[in-house]
Amino acid sequence: MRDFGYQRAHDVSGAVALLGADPDARFLGGGTNLVDLMKTGVERPARLVDVRELPLHRIEVTEEGGLRIGATVTNSDLAAHPEVRRRYPALTQAVLAGASGQLRNMATVGGNLLQRTRCGYFADVTKPCNKRVPGSGCPAVEGEHRNHAILGASEHCVATHPSDMAVALTAFDAVVSYETAEGPGELPLTEFYLPVGDTPHLETALPAGALITGVTLPPAPVAAHSRYRKVRERASYAFAIGSLAAAMDVQEGVVRDVRLALGAVASRPWRAREAERLLTGGPAGAEAFAAAADAELAAARPLPDNRYKVTLMRNLVVAVLTELAEEAAR
């Protein structure tokens with residue numbers, strides 16, 4: 001590990017200024033991902049700017065009826081908050097599925113959004129990786145790619161985004177707030193993560209030196225009828241091989257509103273817009289659910305060893321939407 005400096009920030013403007021004064025610095029939240037990457041040499045910051053004590057630890061109901069979540073809110077506090085559990089149950093479920101209690105006690109909302117892929121080639125500095133060293137290649141395309149992307153990938157990178165929380169936030173149209181030296185800004189989470197293209201090392205649309213200050217969830221009555229389902233290779237805590245955040249409002253057998261976001265299938269949480277379009281206004285039945293899933297997954301370009309994900313995600317969409325429809329019919 002490279003030697004590094006450490007400084008604790010006490011206000012947002014001070015944190016932004018500290019990072020701006022040192023281009024090799026990184027913000028430190030819970031450190032559950034960054035510190036691991038520092039140990040392996042993937043991340044080599046010259047300085048850590050600790051933002052854990054910034055006044056960004058609150059969860060508040062907005063005037064419109066949504067929620068505003070501070071960037072330093074821990075995953076444990078997010079999952080346990082009564083308004084999150086009541087208004088956006090899939091978000092609570094996603095956070096609880098994401099890690100052990102010890103990690104959730106440390107990990108922050110802002111840090112969770114910025115966590116890096118768990119691709120083995122990215123984590124191994126002895127291997128080429130276009131995310132880590134642009135232009136060096138993507139050995140996963142011909143190598144180990146069983147858990148890699150089937151949607152939105154390119155020949156330059158087939159890694160997936162590891163966050164469970166971000167999948168649920170994407171389904172509910174979350175907006176990320178940030179602060180820079182020039183002032184505040186916002187990004188819809190659907191635009192926060194950049195497409196892979198030929199620049200997989202550029203992962204987010206955040207301006208250089210920006211500090212995430214919070215996430216806002218707009219009011220969404222449909223979100224109260226939501227579920228997060230995660231498929232993993234073992235029962236203990238593990239990263240997903242496929243996941244789904246789904247919410248659906250069914251009235252008299254007709255889908256009035258639906259939200260779908262897929263996880264572990266792309267470099268970012270995948271909002272299933274085509275499936276949503278096909279389902280809205282139609283019958284709430286298994287045949288319609290399967291047709292919508294097939295339409296969304298028609299864009300999939302799996303590799304030889306991850307073709308199973310297409311079937312897995314189709315079945316996951318049908319199963320979860322069927323559960324929500326049956327729940328609405330009771």
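A cavity is a set of points, on a 1 Å grid over the protein atoms alone, where a 1.4 Å probe fits but cannot get out; lining residues have an atom within 4 Å of a point. A volume is the space filled by probe spheres set on the points.

The model is predicted, and totals for linings use all residues, while local features need pLDDT of at least 70. Residues are numbered from 1 along each chain as its sequence is written.

**Exercise 1.** State how many cavities of 30 Å³ or more the structure holds, and describe the largest.

Solution. 
- Step 1: there are three cavities of 30 Å³ or more.

**Exercise 2.** Find which element gives the most to the lining of the second largest cavity.

Solution. 
- Step 1: this second largest cavity holds about 40 Å³ of space.
- Step 2: residues lining the second largest cavity include Leu260, Ala292, Glu296 and Met313.
- Step 3: β11 (254–263), α12 (286–297) and α13 (308–329) each give two or more residues; helices (H or I, at least four residues) and strands (E, at least two) are DSSP runs.
- Step 4: α12 gives the most, four residues.
- Step 5: by class, the lining of the second largest cavity has nine nonpolar residues, no polar and one charged.

Key:
Predicted model: local features only at pLDDT ≥ 70, side-chain atom pairs only at ≥ 80, totals over all residues. Heavy atoms only, no water. 1 Å grid on protein atoms, 1.4 Å probe; cavity = no way out; pocket = protein on both sides within 12 Å on 5 of 7 lines; lining within 4 Å. Nonpolar A, V, L, I, M, F, W, Y, C, P; charged D, E, K, R; others polar.
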